[in-house]
Amino acid sequence: MTHERLAVLDFGSQYTPLIARRLRELGVLAEIFPADVSPERLVGAGLKGVILSGGPASVTEPDSPRPAEGLLAVDVPVLGVCYGMQLLNQLGGGRVVPGATREYGRAELTEASGPLFDGLSAHPTVWMSHGDRLDDLAPGWRVAARTNHGIVAAIAHETLPRHAVQFHPEVTHTPEGRQILSNFVFGVCGCRGDWSVQAYMEESIAEVRAQVGQAPVIVLVSGGVDSTVTAALLARALPPEQVFPIHIDSGLMRAGESEAVATFLREAGLVNLRVVHAQPRFLEALSGVADPEEKRRRIGDVFIEVQNAELAQLGFDAESAFLAQGTLYTDMIESGASGAHTATIKTHHNVGTPLVRAMREAGRLVEPCRGIFKDEVRALGLLLGLPRELVMRHPFPGPGLAIRVLGAITPERLAIVREADRIYLEEIRRAGLYDAIWQAFAALLPVHAVGVQGDGRTVGEVVALRAVDSVDGMTADFHPVPFEVLGRAASRIVNEIRGVTRVVFDVTSKPPATIEWE
């Protein structure tokens, strides 16, 4: 079945993935493309509209990103957002200039008219983030809304289905932004809204069967939700004897993680489970490494090396077997592997290493979750019949505790962060907060702090506690964990873990920070 598609052209905005998420929430498959994607690659079955994202550049700069020649001639509706609006105006023959007054934050719309604003309140609140302004409109365009400061906030073409807004309808700070996007998706583009996680599951199962045929499939199960859901989908798509789950105990797992993973996979009927105890290899590869990107690269390479050794023991080779991973859409975006212009934020170990790239190019990777976001993966897991307590577990990064021990890694420092994490999550569960938090964990900082223990001066490690609220992991706000809960966790950590003298709580949102510290 060919689904309706909306293409989101990425001009570098941190909110580009969020636009795609909002469109999917409306039941339309949204895909992110680089800003200069060719029209031939973009246009295809089911394309119903194109959205030009925002971005940090200014259209007044000579090297600012532009769409490919002929792309804006596609015969579908177009919506420009922020930078996208300024670009449409400039390319149409209008003038964009640096604004004397910049608008950042909330603003109120006046004179709003046209299909984008159907059903909205008289003066909707929107979220602005721009420095340039439209000085002269391009021929054939009209003003569709202004802010309460008199600045052009939206424009519309007089004859073509083209619209643009200066604000960000995709963020929660624009309360009626969902309605604006809905008006574009259904009112302008004429979409039906026929995409769902259920449809994605059915298509993924069919794609897996077509891709691998009767070949054996190795699935690396780290213990996190993503790889576990991937294993469950393979168990649904293929005979159990064709799937070979491998859990590599890297020594970088949370407390009790490996044991819990092995129990679940056996109960799911995956009879070929292999648990590999490879802690020494990972610690050797990480010895003396402090750079987080280098940690990720080395971890990714060791995972593949261990997997290849297991293939050899099973009698398989890279040409006879496939490798399945729990790669998500967000992993591809943040690693710069999606083709989008968004900057590489961090290299995910299952995306950016040379060995993984080579296997992907050879068509030997099976990544059934690579087109969906974290909350969609959870929904997929529930559809596959996984226990809710497993599916709703807090995310855990593929590199594990290696990126929660900032700086050099030693067995002693890993033991500290593992125990601190266990204590913290235990207190969060005891307070009934676990399900209300997207992700909570402890990190060990590369600094020392003075303490007083046993009536004497001590110098010890610093543990940072993190808790965030999010929907898909692309943006996040810190969760306001009550002080009494933090106090109990901190007291237990410094009293029960030898060598820790101080505990701090991270109150930074994403952006500007990432959720993990590395």
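Let me begin just after helix 3, where glycine 93 takes a positive phi of about 105 degrees. Please keep in mind throughout that the model we are looking at is a predicted one.

Helix 3 itself is mostly covered, with seven of its nine residues buried. The buried residues of helix 3 are Tyr83, Gly84, Met85, Gln86, Leu87, Leu88 and Asn89.

Most residues other than glycine have a negative phi. Cysteine 82, however, is not a glycine and has a positive phi of about 55 degrees. Is cysteine 82 buried or exposed? Its relative accessibility is 5%, and because buried means under 20%, cysteine 82 counts as buried.

Glutamate 111 also has a positive phi, near 60 degrees, and is likewise a residue other than glycine. Glutamate 111 belongs to the loop between strand 5 (95-110) and strand 6 (125-136). With a relative accessibility of 57%, glutamate 111 counts as exposed, since the exposed class begins over 50%.

I turn now to the aromatic rings. A pair of aromatic rings is described by the distance of the centres and the angle of the planes. How many aromatic pairs does the structure hold? There are three aromatic pairs, and I shall present two of them, starting with tryptophan 195 and tyrosine 200. The ring centres of tryptophan 195 and tyrosine 200 are 6.4 Å apart and the planes stand at 65 degrees, so this pair is edge-to-face. Both tryptophan 195 and tyrosine 200 are buried.

Another edge-to-face pair is made by phenylalanine 282 and phenylalanine 303, with 4.9 Å from centre to centre and 65 degrees between the planes. This pair links distant parts of the chain, as phenylalanine 282 is in helix 8 (residues 279-286) and phenylalanine 303 is in helix 9 (residues 292-314), 21 residues apart. Phenylalanine 282 counts as buried at 1% relative accessibility, and phenylalanine 303 is buried too, with a relative accessible area of 9%.

My next topic is a pair of helices. Two packed helices are described by the angle between their axes and the distance between the axes. For helix 14 (residues 411-430) and helix 15 (residues 483-496), the axes come within 9 Å and cross at roughly 150 degrees. Helix 14 and helix 15 are therefore roughly antiparallel to each other, as angles over 145 degrees fall in that class. The crossing of helix 14 and helix 15 is right-handed.

Which residues of helix 14 and helix 15 meet? From helix 14 come Ala420, Arg422, Ile423, Tyr424, Glu426, Glu427 and Arg430, and from helix 15 come Val485, Leu486, Arg488, Ala489, Arg492, Ile493 and Glu496. The residues of this contact divide into seven nonpolar, seven charged and no polar.

Let me stay with helix 14 for one more residue, isoleucine 428. Isoleucine 428 is buried, with a relative accessible area of 0%. Which residues is isoleucine 428 in contact with, leaving aside its neighbours within four places in sequence? They are Leu433, Tyr434, Ile437 and Ala440. Alanine 107, by contrast, is 321 residues from isoleucine 428 along the chain, and their C-alpha atoms are separated by 38 Å.

Thank you for your attention.

Terms used. Residues numbered from 1 in each chain as written. Predicted model: local features only at pLDDT ≥ 70, side-chain atom pairs only at ≥ 80, totals over all residues. Heavy atoms only, no water. Axes fitted to C-alpha atoms, helices over the stretch in contact; angles between N-to-C directions. Helix = DSSP H or I, 4+ residues; strand = E, 2+ residues; numbered from the N terminus. Parallel < 35°, antiparallel > 145°, perpendicular 65-115°, else oblique. Left-handed = near helix turned anticlockwise from the far one by under 90°. Contact = heavy atoms within 4.5 Å. Nonpolar A, V, L, I, M, F, W, Y, C, P; charged D, E, K, R; others polar. Phe/Tyr/Trp six-rings, centres within 6.5 Å; stacked < 30°, edge-to-face > 60°. Buried < 20%, exposed > 50% of the residue type's maximum accessible area, 1.4 Å probe, protein only.
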